[in-house]
Amino acid sequence: MNITIVGTGYVGLVTGTTLAELGNSVFCVDIDDKKVEAMKLGKVPIYEPNLEEMFLRNIQAQRLFFTTNLKEALDKSDVIYLALPTPPGEDGSADLSYILKVANDIGEMMTSYKVIVNKSTVPVGTADKVHATISAKTTVEFDVVSNPEFLREGFAVEDSMNPSRVVIGCSSEKAKDFMSKIYQPFTNTGVPIIFMDEKSSELTKYASNSFLAVKITFMNEIANYCEKVGADVDKVRLGMGSDDRIGHRFLFPGIGYGGSCFPKDVKALIKSGKQEGFNFEILEATEKVNTSQKVILISEIEKYFDGNLQGKKIALWGLAFKANTDDIREASSLDNIKILLEKGAKIVAYDAIAEENIRKILGDTISYAPDMYSALEDADCLLIATEWSEFKNPNFKLMAEKLTNKVIFDGRNMFDLETVENAGFFYKSIGRKTLEKL
Ligand SMILES: NC(=O)c1ccc[n+]([C@@H]2O[C@H](COP(=O)([O-])OP(=O)(O)OC[C@H]3O[C@@H](n4cnc5c(N)ncnc54)[C@H](O)[C@@H]3O)[C@@H](O)[C@H]2O)c1
């Protein structure tokens with residue numbers, strides 16, 4: 001099948017590459033001409049494990065193309081995926097301007113039947129809005145389908161090639177046939193394809209992300225309570241997670257969730273509820289708890305340095321909002337950096353993958369180290385904000401030599417307490433006892 005993907009970010013590029021891998025001809029459209037030029041030259045504009053190989057293979061096989069020309073792509077395709085941003089507007093609701101602009105353009109340009117597939121995360125009722133926008137511009141037949149994306153950044157290729165389910169919101173039999181054909185390689189291997197109406201499909205995505213945000217936040221509150229009563233959250237989460245109604249995943253406490261999805265999707269669902277006179281009280285609490293959780297270690301750092309961070313040099317390991325991605329949107333690192341700088345501290349950060357993106361925002365307001373140990377040179381303490389694998393089993397002896405003080409504030413619970421205790425560090429993590437310096 002010939003398919004167009006409009007928007008080649010984390011979702012669009014991975015979806016496009018996956019659909020090309022499945023044998024389709026895929027035309028990826030983006031308004032960012034630099035990005036398009038780079039992709040034409042075989043450069044992947046984002047970091048995603050295993051993406052580059054598949055991307056290059058499909059360019060080579062002439063199944064994956066890039067253009068800034070929507071009309072050209074549209075004319076060649078039956079199915080048009082929208083993988084466009086839906087950032088939070090000023091009031092927290094999802095900004096649909098990117099989607100509706102492209103819907104308008106499609107309406108003006110299309111000359112034959114198209115299936116418009118919305119992969120962006122959008123509020124209930126967006127399929128109707130897209131339909132109305134296109135209808136206002138054309139009399140050519142088309143259908144609008146909701147097909148939310150559940151991939152995880154850092155595992156995007158793996159998730160796209162092995163989805164847990166495919167959700168399709170669709171009320172046209174013709175469009176349903178197209179979607180069934182596209183996903184046949186998955187359904188053939190037993191992946192469930194769940195057809196429903198457009199509104200239920202749109203809500204499925206928000207409900208899934210919000211549920212996970214609540215799960216993480218619930219565990220963070222349990223962790224904070226563990227510290228009050230002297231319980232160990234590692235034991236509690238293992239005990240809880242062994243119940244298969246609960247499961248082990250998303251029970252790891254830390255300095256809050258970030259990224260381009262959970263924060264904005266929780267906000268957008270709260271806002272959508274309000275527009276219907278409905279209060280998502282559990283989500284409001286989740287958002288509030290997460291906002292303070294992201295910077296929960298700041299007061300601990302201040303306490304350690306007797307309330308004065310002026311001139312303190314803080315080494316920061318990890319800038320990405322989570323491991324295995326270069327995405328820094330709503331990363332906890334940013335919240336911590338902002339407050340630490342305001343309090344007069346200096347930051348030396350290390351993140352091999354996300355540094356470039358942070359530089360675009362923070363420039364030289366912080367320093368950057370070429371490796372994790374250089375960041376520690378003469379630093380007064382270490383703060384860990386991302387759970388990169390390379391931090392998991394560090395050389396504590398070398399760390400002790402480099403740091404001025406043997407002090408670690410660990411926002412991702414990277415180390416087991418015994419190891420750090422034996423190495424003689426002050427160690428403050430989340431939901432576990434604080435190890436005082438020997
Ligand atoms: N990132 C994720 O992990 C993830 C997972 C599931 C769902 N989603 C949802 O998918 C959607 C896209 O997210 P993303 O992270 O891929 O966004 P992104 O910001 O990484 O990519 C969006 C792309 O769209 C392009 N674009 C903007 N306007 C355009 C236009 N008029 N024509 C063509 N291209 C245009 C941008 O240049 C950019 O390359 C969002 O709704 C998001 O909530 C994201």
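**A chat about cores, domains and a ligand**

Student: Is asparagine 405 buried or exposed?

Tutor: Asparagine 405 is buried, because its relative accessible area is 18% and the cut-off for buried is under 20%. Please keep in mind that this is a predicted model.

Student: Which backbone atom lies 2.9 Å from a polar atom of its side chain, that of asparagine 405?

Tutor: That atom is the backbone oxygen of aspartate 380.

Student: Now the overall layout. What domains does the protein chain have?

Tutor: The assignment gives domain 1 (2-196), domain 2 (205-292) and domain 3 (294-428).

Student: How many residues do domain 2 and domain 3 each put into their contact?

Tutor: Domain 2 gives 16 residues to the contact and domain 3 gives 18 residues. Taken over C-alpha atoms, the centres of domain 2 and domain 3 are 24 Å apart.

Student: And the nonpolar core, how many residues are in the largest one?

Tutor: The largest nonpolar core has 59 residues. Those with the most contacts inside this core are Ile301, Trp317, Leu340, Met399, Ile408 and Phe415. Domain 2 (205-292) and domain 3 (294-428) each supply at least three residues to this core.

Student: Why would such side chains be together?

Tutor: Nonpolar side chains in soluble globular proteins tend to be buried together.

Student: What does leucine 340 touch?

Tutor: Not counting residues up to four places away in sequence, leucine 340 touches Ile298, Ile301, Leu309, Ile314, Ala345, Ile347 and Leu383. Another core, of 37 residues, lies apart from the largest one, and includes Val26, Leu64, Ala156 and Ile168.

Student: Let us turn to the ligand. How many residues surround the ligand, and which are the closest?

Tutor: The ligand is surrounded by 27 residues, and the closest are Asp30, Lys35, Thr86, Glu153 and Lys264.

Student: What distances go with lysine 264 and glutamate 153?

Tutor: An oxygen atom of the ligand lies 2.5 Å from a polar side-chain atom of lysine 264. In the side chain of glutamate 153, an N or O atom is 2.7 Å from a nitrogen atom of the ligand. There is also tyrosine 10, where a polar backbone atom is 3.1 Å from an oxygen atom of the ligand.

Student: How much of the ligand's accessible area does the protein cover?

Tutor: On its own the ligand has 840 Å² of accessible area, and the protein covers 89% of it. The elements giving two or more residues to the shell around the ligand are α1 (10-21) and α5 (97-109).

Student: What about arginine 165, where is that residue?

Tutor: Arginine 165 is in the loop between α7 (156-161) and β7 (166-169). Arginine 165 counts as partly exposed, because its relative accessibility is 26%, which falls between the 20% and 50% cut-offs.

Student: Which residues is arginine 165 in contact with?

Tutor: With its neighbours within four places in sequence left aside, arginine 165 is in contact with Phe150, Val191, Pro192, Ile194 and Ser208. The side chains of arginine 165 and serine 164 also make a polar contact, at 3.0 Å.

Student: Which residues other than glycine have a positive phi?

Tutor: Among them are asparagine 50, with a phi of about 70°, and asparagine 324, with a phi near 70°. Asparagine 50 belongs to the loop between α2 (33-40) and α3 (51-60), and asparagine 324 to the loop between β9 (313-317) and α15 (332-342).

Student: Are those two, asparagine 50 and asparagine 324, exposed or partly exposed?

Tutor: Asparagine 50 is exposed, with a relative accessible area of 58%. Asparagine 324 is partly exposed, at 26%.

Student: Last one: where is phenylalanine 218?

Tutor: Phenylalanine 218 is part of helix α10 (residues 198-229). With a relative accessible area of 47%, phenylalanine 218 is partly exposed.

Technical notes:
Residues are numbered from 1 along each chain as its sequence is written. This is a predicted model: local features need pLDDT of at least 70, side-chain atom pairs count only at pLDDT 80 or more; totals for chains, interfaces and linings use all residues. Side-chain values use heavy atoms; hydrogens and water are left out. A nonpolar core is a set of buried Ala, Val, Leu, Ile, Met, Phe, Trp, Tyr and Cys residues joined through side-chain atoms within 4.5 Å. Buried means under 20% relative accessible area, exposed over 50%, partly exposed in between (1.4 Å probe, protein chains only). Domain bounds come from an automatic or database domain assignment. Contact means heavy atoms within 4.5 Å. Helices (H or I, at least four residues) and strands (E, at least two) are DSSP runs, numbered from the N terminus. A polar contact is a pair of N or O atoms within 3.5 Å; within protein, one must be able to donate a hydrogen and the other to accept it, and residues adjacent in sequence count only if both atoms are side-chain atoms. A residue is near a molecule or strand if one of its heavy atoms lies within 4 Å of it. Accessible areas come from the Shrake-Rupley method with a 1.4 Å probe; for residues, only the protein chains shown count as cover.
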